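These are my notebook entries on a structure that was new to me. I set down what I looked up, one topic at a time.

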Amino acid sequence: MNEQIIILDFGSQYTQVIARRIRECNVYSTILRYDTPARAIAALAPAAKGLILSGGPSSVYDAAAPLPDKNIFKLGLPILGICYGVQLFGQFLGGKVEKGLKREYGKGTLTVNDPQCALFRHLPRQLQVWNSHGDKLTRLPRDFVVVATSENSDYAAIEHPKKKFFGLQFHPEVAHTPRGKEVLSNFVHDICGCGKNWTMRRYIDQAVEQIRAQVGNEHVILGLSGGVDSSVAAALLHKAIGSHLTCIFVNNGLLRAREAEMVQEVFGRHFKIKLQYEDVANLFLKRLKGVTEPERKRKIIGKTFIEVFQAATQRAGRAKFLAQGTLYPDVIESVPIAGNPAALIKSHHNVGGLPKKMKFRLVEPLRCLFKDEVRLLGLELGLPKEIVYRQPFPGPGLAVRCLGEVTPEKLQVLRRADAIVVEEMKASGLYYKTWQTFAVLLPVRSVGVQGDERTYDWTLAIRAVESQDGMTADWVKLPYDLLEKVSLRITNEVRGLNRVVLDLTSKPPGTIEWE
């Protein structure tokens, strides 16, 4: 079993960031609810090497404050308390926490008083850190000593040397604490004694073994979309069970240019995966005829996909398992604490499954991975960069980027224009640095002059946004020469378009997709 660091989630919006930073140290991390019993954590021994108490939006002295099992402090594990976590030391171990006279939010300077403290080994005496708290310790817990101070806190970092308990009033996990990853590395490696065993190469070996143990000689079906998650899941499953995997690819007629051909080339001809290709474009377009309302489009597409996929699984032959590209953020249990934005963010990413009447058992080979880890896994498995680092694409496909009624003619125009946008973004070196860049066909005609002739054609919008998780986004300031080249190519090469506009809206108030 992997050595691991257990993170108790007290509702911080940064809890998943803590987990990812620990894994970047090549140590596996697991997120559990704040009220997980100490005996359940003890049962993870000897793999569990340390415990981290996350931040959170509550005050430890409130009546409804989320509090851990007090016996976690008797497990004998090193513990790192971050923000709310350090205040829990005060609440449980004889200190005192009060509302600060001045909130400490944003950049601050940490002064390390004890350079011998293992947490700050090999780090300078002064560090830039990121604070986000209103409460603070006003009396040290029993047997703790001060390790570092900040402008507004006499107890910015504390230590119980004998028990290996450490508390930080700042957030080492966020990018605004530039040396924070080194602090966390010192905790997991030097203090908890973890090795550097969490690697994608090692994960592949373990995952293959687990998949074979779960599936045995049975067959598995996977709905392959061509997106990152399903593609990596397909490659991993194929490595584990070979011909016992059947991938079903549904061409709904709403795909990007050459998407169907690429999937068949990579998975069918290159990886030799058993690929069942379902070309049902006419069915989807028939059902979308005359439909203009966005939500109705989505429901029609979703319902039709389930219908098509269900029929396809019956043609695929006998199979006991259905594989899904579920990721770790989808399975972490949300902590419903007042003022906690993380609960909303996590639930947003959970997706509904297929109908219960489809009697499959689930295989979820990526369920312990974050998105960035899935990409690394894909490269390790030999998938091309074009698939592993491709930008997100909505489930309803081009239907929500073709405003108004969806027709074959409009889709053809949109595909050609979108392909130009992607080509030029890749040529400029900006494609893989941008969250999403795509074209939107607007239901707006305008007068133009092309080849000395009057035209009355469609308008195309270019959408480019930067984001970390899709929940918020800022529009990208693309270079003018790039925008000029894209516009010239589109209006010259795509018949039916005579005007190109740029979407300068962030999220909020807009959404990333137009529908």
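This is a predicted model: local features need pLDDT of at least 70, side-chain atom pairs count only at pLDDT 80 or more; totals for chains, interfaces and linings use all residues.

**Entry 1**

**Entry 1. Helix α7**

I began with helix α7, which takes in residues 259–270. I asked what span its twelve residues should have.

I then looked up which residues of α7 are buried. They are E259, A260, M262, V263, V266 and F267. These residues cover an arc of only 165° around the axis, so they lie on the same side of α7. I recall the general rule that an α-helix has 3.6 residues a turn, so residues three or four places apart point the same way.

Next I asked what the buried residues of α7 pack against. Their partners are α6 (228–241), β11 (245–251), β12 (274–279) and α13 (385–388). After α7 comes K272, and its phi is positive, near 60°.

**Entry 2. Aromatic rings**

I searched the whole structure for aromatic pairs and found 14. I examined two of them.

The rings of F89 and F144 make a tilted pair, with 5.3 Å from centre to centre and 45° between the planes. F89 belongs to helix α3 (residues 84–92), while F144 is in the loop between β6 (126–139) and β7 (145–150), so the pair ties together parts that are 55 residues apart in sequence. Are these two residues buried or exposed? F89 is buried, at a relative accessible area of 0%, and F144 also counts as buried, at 6%.

The second pair I examined is Y328 with F370, which is edge-to-face: the centres are 5.4 Å apart and the planes are at 80°. Y328 sits in helix α10 (residues 328–331) and F370 in the loop between β14 (361–363) and α12 (371–380), so this pair ties together parts that are 42 residues apart in sequence. Y328 is buried at 8% relative accessibility, and F370 is buried at 2%.

I also asked which residues are linked into a cluster by ring pairs. The cluster consists of F73, F89, F92, F144 and F165.

Two arginines lie over ring faces. R256 is over the face of F393, 3.9 Å from the ring centre. R401 is over the face of F438, 3.7 Å from the ring centre.

**Entry 3. Salt bridges**

R20 and D372 form one of them, at 3.5 Å from N to O. R20 is in helix α1 and D372 in helix α12, so the pair links distant parts of the chain, 352 residues apart. Both ends are partly exposed: R20 has 33% relative accessibility and D372 has 27%.

E373 and R23 form another salt bridge, at 2.7 Å from N to O. E373 lies in helix α12 and R23 in helix α1, 350 residues apart. Here E373 counts as buried, at 7% relative accessibility, and R23 is buried as well, at 4%.

I also looked up E307 and R287, whose closest N and O atoms are 3.0 Å apart in a salt bridge. E307 is in helix α9 (residues 294–315) and R287 in helix α8 (residues 281–288), 20 residues apart. E307 is partly exposed at 38% relative accessibility, and R287 is partly exposed at 32%.

Finally, I noted a network of salt bridges that links E423, E424, K485, R489 and E493.

**Entry 4. Backbone angles**

I recall that most residues other than glycine have a negative phi, and most peptide bonds are trans. I therefore looked up some departures from this rule.

N26 is not a glycine, yet its phi is positive, about 65°. N26 is found in the loop between α1 (15–24) and β2 (28–33), and it is partly exposed at 28% relative accessible area. C83 is likewise not a glycine and has a positive phi of about 55°. C83 lies in the loop between β4 (79–82) and α3, and it is buried at 5%.

Where did I find cis peptide bonds? One runs from K507 to P508, with omega near -15°. Another runs from P508 to P509, with omega near 15°. P508 lies in the segment after β18 (497–502), and P509 lies in the segment after β18 as well.

Key:
Residues are numbered from 1 along each chain as its sequence is written. Side-chain values use heavy atoms; hydrogens and water are left out. Helices (H or I, at least four residues) and strands (E, at least two) are DSSP runs, numbered from the N terminus. The expected span of a helix is 1.5 Å times one less than its number of residues. Buried means under 20% relative accessible area, exposed over 50%, partly exposed in between (1.4 Å probe, protein chains only). The arc is that of the directions from the helix axis to the C-beta atoms. Contact means heavy atoms within 4.5 Å. Rings of Phe, Tyr and Trp (its six-membered ring) pair if their centres lie within 6.5 Å; planes under 30 degrees apart count as stacked, over 60 as edge-to-face and the rest as tilted. A charge sits over a ring if NZ of Lys or CZ of Arg is within 6 Å of the ring centre and within 35 degrees of the ring normal. A salt bridge is a side-chain nitrogen of Lys or Arg within 4 Å of a carboxyl oxygen of Asp or Glu.
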